[in-house]
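Hi,

Here is the model I promised to pass on. Have a look at it first, and then read on for what turned up.

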Amino acid sequence: MDQMDVIDGGFAAPVFNAQTVFRAVMDAMARPGTVQQVAGLAQPPAPLAATAGAVALSLCDHDTPLWLDAGLQVSSAKSWLGFHTGAPLAATPADAHFALVANPANLISLENFAQGTQEYPDRSTTLILQVDSLTDGAPLHLEGPGIETTDSIAPTPLPRHFVEQWKQNGARFPRGVDVILAAPGAVACLPRTVRAKTMEA
Amino acid sequence: MSDIATYNFAYLDEQTKRMIRRAILKGIAIPGYQVPFASREMPMPYGWGTGGVQVTAAIIGPEDVLKVIDQGADDTTNAVSIRAFFQKVADVAVTTETAKATIIQTRHRIPEYPLTEGQTLVYQVPIPEPLRFLEPRETETRKMHALEEYGLMHVKLYEDIARHGRIATTYAYPVKVEGRYVMDPSPTPKFDNPKMHMSPALQLFGAGREKRIYAVPPFTRVVSLDFEDHPFEIQTFDQPCALCGAAQVYLDEVILDDKGGHMFVCSDTDHCETRQACGHRGHLSPDILEPAQ
């Protein structure tokens with residue numbers, strides 16, 4: 001492992017870059033279905049991509065146990081996240097405040113992550129899924145708070161049986177996980193309130 | 001910003017901002033649910049908008065244009081001091097014009113001028129729990145929200161009807177957000193409740209002393225609680241604004257003398273000034289009382 005990989009590539013201007021990335025995520029969370037542009041502000045080591053890395057830098061710190069998927073666990077990205085955010089690693093997905101997923105297609109099912117409780121539904125995991133595109137996948141038709149009528153995005157790759165899993169996630173409301181989709185140069189979000197359908201449904 | 005020691009941008013340290021930002025994201029994801037957060041001491045007393053200030057400080061960036069209103073007015077103490085605070089610690093552009101602002105921090109009003117997509121309204125909230133005056137124990141109110149058990153609130157509204165013949169709540173009128181959580185819209189007059197429904201703007205609520213953040217995303221259903229035979233109604237006024245002649249706006253009563261003289265003027269000062277600049281006049285406007293020589 002190259003030591004410099006782990007130390008380089010953080011925000012050049014931590015205060016302003018974190019604010020820029022957060023505002024993009026906040027706008028995306030408030031308006032699911034919209035795609036918010038995020039310039040390449042962080043350069044994490046592979047397989048962690050720039051956008052997912054930037055989102056992690058802007059939201060994670062020593063208060064937020066982080067769960068990494070198998071690909072990230074064995075990479076220098078783990079040390080990079082440790083160095084730049086100080087976030088401890090979550091022992092199990094149910095302990096994670098954030099989950100960083102480099103390969104969403106192989107993700108364990110959403111119900112493994114913290115769902116929050118009925119009294120404190122905010123104590124749930126926010127998943128940061130690293131996707132290749134927000135336009136090239138199968139279209140998801142979205143409805144719910146933040147969307148005036150309907151909207152759609154087409155992220156790829158997504159976890160297996162995502163639409164079915166997402167329906168179950170919605171049925172647990174107010175418990176449930178939220179998803180940040182980190183694509184090259186852009187983010188979109190799926191808060192637990194949003195309802196997703198594929199074309200044929 | 002030439003001082004040797006300056007505050008971090010927007011006063012708060014970065015760890016605090018991240019903590020507040022995470023709470024805001026959860027609040028948006030669970031509309032109307034009160035997210036606990038580690039509210040900090042701010043350089044102003046509780047009750048002066050420390051919750052709203054922390055939310056604004058966590059979201060604001062150098063590109064933002066900030067407007068601060070206090071009971072609809074841009075020029076009252078709370079609005080002036082919070083605006084000056086952000087000019088000092090974040091060096092951001094400020095405005096009094098609703099349409100030009102990207103972030104509007106408000107104490108107890110929603111501007112009359114319709115908000116647009118991309119704007120964020122930040123409310124200063126004193127008591128975030130709508131059930132608090134009915135049930136003082138936090139453990140119990142939390143359970144009531146968890147079980148969606150809002151019968152007590154309807155009993156309270158019913159008792160209003162039994163006693164006064166109508167629902168007497170005129171401000172902090174409880175709403176149900178997206179069919180799930182009953183929420184306190186902060187002590188805005190109930191006149192403003194309909195503006196929260198399907199608003200294109202993002203609405204964030206910060207309660208500093210009570211350490212809660214909650215949110216209503218854009219285009220979210222916000223329904224004021226009522227009964228079929230006693231539907232929700234907003235305040236109406238008999239006369240238009242005495243300065244700009246506006247009707248269908250929220251008016252403040254201003255006492256003019258000790259002989260019972262009074263006038264009603266727009267609570268939203270920016271709206272009133274904009275209308276006067278466009279030539280609208282009310283019956284007590286200086287131009288009408290003392291025509292230009």
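This is a predicted model: local features need pLDDT of at least 70, side-chain atom pairs count only at pLDDT 80 or more; totals for chains, interfaces and linings use all residues.

**Where the two chains meet**

The axes of α2(A) and helix α1 of chain B (residues 14-29) come within 10 Å, crossing at roughly 5°. Angles under 35 degrees count as roughly parallel, and α2(A) and α1(B) are therefore roughly parallel to each other. From α2(A), the contact is made by A:Pro14, A:Val15, A:Ala18, A:Phe22, A:Val25, A:Met26, A:Met29 and A:Ala30. The α1(B) side supplies B:Glu14, B:Arg21, B:Ile24, B:Leu25, B:Ile28 and B:Ala29. By class, this helix contact has 12 nonpolar residues, 2 charged and no polar ones.

**The cores**

In soluble globular proteins, nonpolar side chains tend to be buried together. Here the largest nonpolar core has 122 residues. Which of its members touch the most others? They are A:Val25, A:Val55, A:Ile128, A:Leu181, A:Ala182, A:Val187 and B:Ile24. Helix α2 of chain A (residues 14-30) gives the most to this core, with 9 residues. A second, separate core holds 13 residues, B:Cys241, B:Leu243, B:Tyr250 and B:Cys272 among them.

Chain B has an open sheet of 7 strands, ordered β1-β9-β8-β5-β4-β2-β3, with mixed pairing. The edges are β1 (35-36) and β3 (93-94) of chain B; each has a single partner strand, so one side of each is left without a neighbour in the sheet. At the β3(B) end, β2(B) (residues 65-70) runs parallel to β3(B) and is joined to it by 2 bridges, with B:Val65 partnered by B:Ala93.

Is β4(B) buried or exposed? It is mostly covered, with 5 of its 5 residues buried. Both faces are covered: B:Ile103, B:Gln105 and B:Arg107 are buried on one side, B:Ile104 and B:Thr106 on the other. Helix α2 of chain B (residues 50-59) lies across β4, β5, β8 and β9 of chain B, and runs at about 150° to β5(B).

**The sheet in chain A**

Chain A has an open sheet too, with 6 strands in the order β1-β8-β7-β4-β3-β2 and mixed pairing. Its edge strands are β1 (36-37) and β2 (66-68) of chain A, each with a single partner strand, so one side of each is left without a neighbour in the sheet. Strands β7 (residues 178-183) and β8 (residues 186-190) of chain A pair in the antiparallel sense over 5 bridges, and A:Val179 stands opposite A:Leu190.

Over to you!

Definitions and conventions
Residues are numbered from 1 along each chain as its sequence is written. Chains are lettered from A and ligands numbered from 1 in the order in which they are written. Two strands pair if DSSP finds at least two bridges between them. Helices (H or I, at least four residues) and strands (E, at least two) are DSSP runs, numbered from the N terminus. Two residues are in contact if their C-beta atoms, placed from the backbone, lie within 7 Å. Axes are lines fitted to C-alpha atoms, for helices over the stretch in contact, and angles run from 0 to 180 degrees between N-to-C directions. A nonpolar core is a set of buried Ala, Val, Leu, Ile, Met, Phe, Trp, Tyr and Cys residues joined through C-beta atoms within 7 Å. A residue is buried if 20 or more other C-beta atoms lie within 10 Å of its own, exposed if 12 or fewer, and partly exposed in between; C-beta atoms are placed from the backbone. Angles under 35 degrees count as roughly parallel, over 145 as roughly antiparallel, 65 to 115 as roughly perpendicular and the rest as oblique. Ala, Val, Leu, Ile, Met, Phe, Trp, Tyr, Cys and Pro count as nonpolar, Asp, Glu, Lys and Arg as charged, and the others, Gly among them, as polar.
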